[in-house]
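Could you walk me through this model in my viewer? I would like to know what to select at each stop and what is there.

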Amino acid sequence: MKNIDFEQFIGSFAFDTRLAEVDITGSIAHVEMLVKCKILKQTDGSKIIAGLNSILKSLKKDWTLPKEEDIHYAVEKELTRRIGAVGGKMHTARSRNDQVATDLRLYLRQETDNIIALINEFQTTIIKKSEENINVIMPGFTHLQPAQPVLAAHHLLAYAWMLERDKERLTDCRKRINVLPLGSAALAGTSFKIDRQYSAKLLGFDGVSENSLDGVSDRDFAVEFVFCLSTIALHLTRFCEEIILWMNPEFGYIKIADKFTSGSSIMPQKRNPDCAEVIRGKSGRIFGDLFALLTIVKSLPLAYNRDLQEDKPPVFDAVDNVKLCVEVINEMIVTLKFDKAKTLKSTEKGFMAATEIADYLARKDIPFREAHGVVKSIVEYCIKNSKTLSSLSLQEYNKFYPKKYPIFDDDIFKFIDLQNIVAKKTSEGGTSVNSVKKQISLLKNIVKRKQK
Ligand code: ARG
């Protein structure tokens with residue numbers, strides 16, 4: 001027989017100690033409520049609260065709680081060690097089932113706010129980078145093929161908007177996190193005359209759960225929270241993928257500081273975009289955390305089941321890694337530099353002005369479908385004769401539309417000028433400098449508001 005520690009196997013102390021502070025916060029409120037409802041004597045309540053505060057103080061000094069089955073038992077045992085048997089009164093009208101659900105909600109509420117603050121910081125960096133690079137033009141892609149020129153700032157700001165939705169999602173999720181299950185007791189509620197609204201008020205919850213069975217067994221808020229984090233991770237993978245592409249010398253659009261890259265042990269010329277790759281890779285474990293959670297809750301009969309204890313490792317893992325990734329990518333983007341000459345040069349490749357020529361003809365009342373065909377022939381001609389759209393002569397242009405009068409005028413060259421193409425995309429949300437500046441001021445307002 002192997003010497004398996006079954007208590008440790010059943011317990012969660014190995015991974016739930018980070019809940020110590022919120023556990024104590026929850027207990028203090030619970031005890032205050034018990035005193036207010038005259039379930040606990042004022043003197044007992046004061047002793048318990050003083051004991052809990054002294055544990056908090058020790059924890060702040062890097063002292064650690066002795067090992068128990070889980071964090072809830074560990075705090076209670078330590079409390080009775082410090083203040084005697086009266087500590088055992090703390091658990092009146094409560095179960096670890098409603099206690100752990102409360103702890104997790106308090107913890108996630110805090111982390112929701114922390115992550116929103118980190119995203120705000122990252123958005124601020126993106127806005128700053130966009131302002132610094134407001135005149136940088138680069139190729140815009142669809143299907144990863146050259147499509148139309150865009151401002152680098154416009155491209156960067158797309159991520160700021162994704163992140164804005166990430167914050168909105170977290171803010172909305174917070175509403176469902178911020179509901180108090182305490183008072184559900186083990187599963188059925190309690191015969192003590194408790195005041196759950198009072199506990200909720202003390203702990204800053206918006207309301208209380210209305211069904212005790214649901215109160216102790218619901219982990220939707222945790223699933224939803226990790227989904228919100230998965231979406232953040234998803235967005236970061238897209239950004240990192242582009243950083244990796246843009247750093248490739250075939251693109252050569254950007255440089256980031258050396259500390260975010262590493263060399264190869266065999267190929268002396270290499271700078272590998274390791275940080276971006278690691279962030280891209282971490283999405284795998286974060287999505288995994290979401291699936292772990294979904295699977296843990298799946299098919300569980302009401303109410304509490306010990307399976308739910310396994311919710312903590314994936315939730316904590318997702319929190320730690322998303323926070324770290326947002327911090328790393330933020331630092332990385334702070335050091336991002338565009339090679340303006342290189343991005344402009346790339347914009348000249350790939351006939352990115354082709355759509356403009358089609359638009360030019362469409363403005364002259366030629367059906368767009370027909371114009372599209374004409375420009376397709378022009379591009380084919382350019383490829384065959386190693387020419388670019390700007391190096392063609394007016395006569396060459398007009399050969400492609402040999403109707404009664406020459407359809408192309410001198411102004412076609414202004415039409416296909418890259419700066420001009422970008423400058424003309426003045427529609428709301430478009431890539432002209434003015435539209436992008438509008439985006440920036442909108443975002444600045446949003447970020448400022450959220451920081452308050
Ligand atoms: N350690 C448990 C958890 O994390 C606490 C609740 C245990 N409750 C019980 N009745 N066994 O979920």
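This is a predicted model: local features need pLDDT of at least 70, side-chain atom pairs count only at pLDDT 80 or more; totals for chains, interfaces and linings use all residues.

**A tour by selection**

Start with Thr80, which counts as partly exposed because its relative accessibility is 29%. This residue sits in helix H5, residues 71–83.

Phe9 belongs to helix H1, residues 6–10, and is exposed at 66% relative accessible area.

Now for the charged pairs, with 30 salt bridges in the structure. Select Lys323 and Glu111, whose side chains form one of them at 2.8 Å, N to O. Lys323 is in helix H12 and Glu111 in helix H6, 212 residues apart. Glu111 counts as buried, at 8% relative accessibility.

Stay in helix H6 for Lys129 and Glu132, which are three residues apart and so separated by about one helical turn. Their salt bridge has its closest N and O atoms 3.2 Å apart.

For a network of salt bridges, select Glu69, Asp70, Arg96 and Arg306.

Move on to Glu356 and Lys425, joined by a salt bridge of 2.8 Å, N to O. Glu356 lies in helix H14 and Lys425 in the loop between helices H18 and H19, so the pair ties together parts 69 residues apart in sequence. Glu356 is buried at 3% relative accessibility, whereas Lys425 is partly exposed at 21%.

Finally, show helices H14 (354–363) and H15 (368–384), which pack at about 135 degrees with axes 8 Å apart. That angle makes H14 oblique to H15, and their crossing is right-handed.

Technical notes
Residues are numbered from 1 along each chain as its sequence is written. Side-chain values use heavy atoms; hydrogens and water are left out. Helices (H or I, at least four residues) and strands (E, at least two) are DSSP runs, numbered from the N terminus. Buried means under 20% relative accessible area, exposed over 50%, partly exposed in between (1.4 Å probe, protein chains only). Axes are lines fitted to C-alpha atoms, for helices over the stretch in contact, and angles run from 0 to 180 degrees between N-to-C directions. Angles under 35 degrees count as roughly parallel, over 145 as roughly antiparallel, 65 to 115 as roughly perpendicular and the rest as oblique. A crossing is left-handed if the near helix is turned anticlockwise from the far one by less than a right angle, and right-handed if clockwise. A salt bridge is a side-chain nitrogen of Lys or Arg within 4 Å of a carboxyl oxygen of Asp or Glu.
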